[in-house]
Amino acid sequence: MKQPLVKAMERYLQEQVYPLHTPGHKGGRGMSEPLRSLLGSTALRLDVSLMSELDDIHAPSGCIRLAQEEAAKLYGSDACFFSVNGTTGAIHAMLMTALQPGDKVMVPRNAHRSVMGGLILADAVPVYVQPSYIKEFGMQGQVTPEQVKEAFALHPDMKAVLLTSPNYFGMVAEVKQIAEIAHAHNAVLLVDEAHGPHLGFHEMFPPSAMQCGADMAAQSTHKILGALTQCSLLQVKGTRVDLRHAADVMSLLTTTSPNYLLMGSLDAARAQLAERGSAMMEDALRAAGLLRQELGKISGLHVIRPEEVTGKFGISALDATKVTINLKEWGISGVAAGEALRKEKIAVELVDPQNVLFLVTYADWAPVQWQDTVNRICRTLQKLRPVQNPLEARSLERVKALEKEAAEMEKTQQADLPVTEVAAPMREVFYGKKKAVPLAEAAGHICAEAVSFYPPGIPVILPGERFTSEIVTWCCLMKQQGLPVSGSADTSLQTVRVLAEE
């Protein structure tokens, strides 16, 4: 299978060129131990600057151009751009390519915080839509086609629609229907497909955003496939997006010193998917199926099934390799379960007040080793299962701890997601004067930072939105659940930054 960029890197390595140029570690000779040994001499010798033999990502004409063309061919797009700034960089580029300053774009209220950066850079105006809420599981679904139609009825001048599909839990939106609605209004469809670079490569998976008519899609090749962390792709298709402008925007946002190890891993991951994509997805389904099967044997543990959400809540399909357990009936939080698993050397993708998400890929399928891992997961969760009779508990302290945790979780489950109000343009707030106030006193102030609990990194409030008592209460509840804060200058969230209004 062709890997033009990887082959060019291999040839360069074989030439044993002495580098009288950057980087300063000179092929690892000047790098400090133990990192030098951990990385290895071959990788360090491939950490090179822009070389004529290795092409230029800003004006590709050789191996990088060929690698990107192969990726576009694989995904059925008209152009593909390598992003070494992750899907964050690709999302920024999508918004800046599709929109002019002042343009309106429909944005799901649970969009990843990277969308905020793109809105500021593009100087675009978000039209927020609240996705469906799945109260049974304490999670958000997708924006529905009906909601998109309503958004256009209220804002017929919208130039774009942005979707997050799949979301963190693998829930896929009705992308094809929404693409048709957007195009009927002469608007483009942009898809944050960070969790879906594998879609469309097996009949048991839903189609990709490109296959459903999206104009642009940003994909985290590192999240699900074989690329290194920080590696993503930006796909562009159709005549609604200017390809030359997309290339200019990507060049504007991309470092002039891109790492070839990152770019090479994108080329390799694409080639691997092209050669054996269906087999890889089959392995992922086997691994996820075994985990679902064994988790399903644990009494009282709810493993979320595709049929429970598909066809409802704006969800067209569920990626079966995202295995989610809901712990509401056990009276413990997903945070506590995640901590218990981590003590057993199992690190999960996401925890929230009710759920734990296991991200499974083709790389997990080594039958004997995977069975051992699944057994460890199940043994750990079995220990967390509440006893039927509290008198059987080992100690009174344990009973009290369980009761307290259940009470706190119940409060979180009953709290509705806070509704936000835009009080000032996001870009204006970004460049405005700010001050810190105690979270408890924030109600009434205009927020000047994105407050998110990570994962999944979805902002509770964004710059330009006004704090309310409900938002303050929600933030306090999330803190009590032990979820780490992202985006705020004060990671303890004792204080928040607000606009210093005159």
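Two strands are said to pair if DSSP finds at least two bridges between them. The legends below describe close-up views of a predicted model.

View 1. Strand β10 covers residues 232-236. Of its 5 residues, 5 are buried, so the strand is largely enclosed by the rest of the structure. Ser232, Leu234 and Val236 point one way from β10, while Leu233 and Gln235 point the other way. The residues on both sides are buried.

**View 2. The pairing of β1 with β10.** Strand β1, formed by residues 79-83, runs antiparallel to β10 and is joined to it by 5 bridges. Within this pairing, Leu233 of β10 is the bridge partner of Phe82.

**View 3. The pairing of β9 with β10.** Strand β9 comprises residues 216-219 and pairs with β10 in the antiparallel sense. The two strands share 4 bridges. Gln235 of β10 is the bridge partner of Ala217.

View 4. Asp55 is found in the loop that lies between α3 (41-45) and α4 (63-75). This residue is buried, yet has no salt bridge. The nearest side chain of opposite charge belongs to Arg65, 6.2 Å away, whereas a salt bridge requires the charged atoms to be within 4 Å. A polar atom of the Asp55 side chain lies 3.3 Å from the backbone nitrogen of Cys63. Apart from neighbours within four places in sequence, the residues in contact with Asp55 include Leu50, Pro60, Ser61, Gly62, Ile64 and Tyr260. Cys63 and Arg65 are also among these contacts.

Technical notes. Residues are numbered from 1 along each chain as its sequence is written. This is a predicted model: local features need pLDDT of at least 70, side-chain atom pairs count only at pLDDT 80 or more; totals for chains, interfaces and linings use all residues. Side-chain values use heavy atoms; hydrogens and water are left out. Buried means under 20% relative accessible area, exposed over 50%, partly exposed in between (1.4 Å probe, protein chains only). Lys and Arg count as positive and Asp and Glu as negative; His and the chain ends are not counted. A polar contact is a pair of N or O atoms within 3.5 Å; within protein, one must be able to donate a hydrogen and the other to accept it, and residues adjacent in sequence count only if both atoms are side-chain atoms. Contact means heavy atoms within 4.5 Å.
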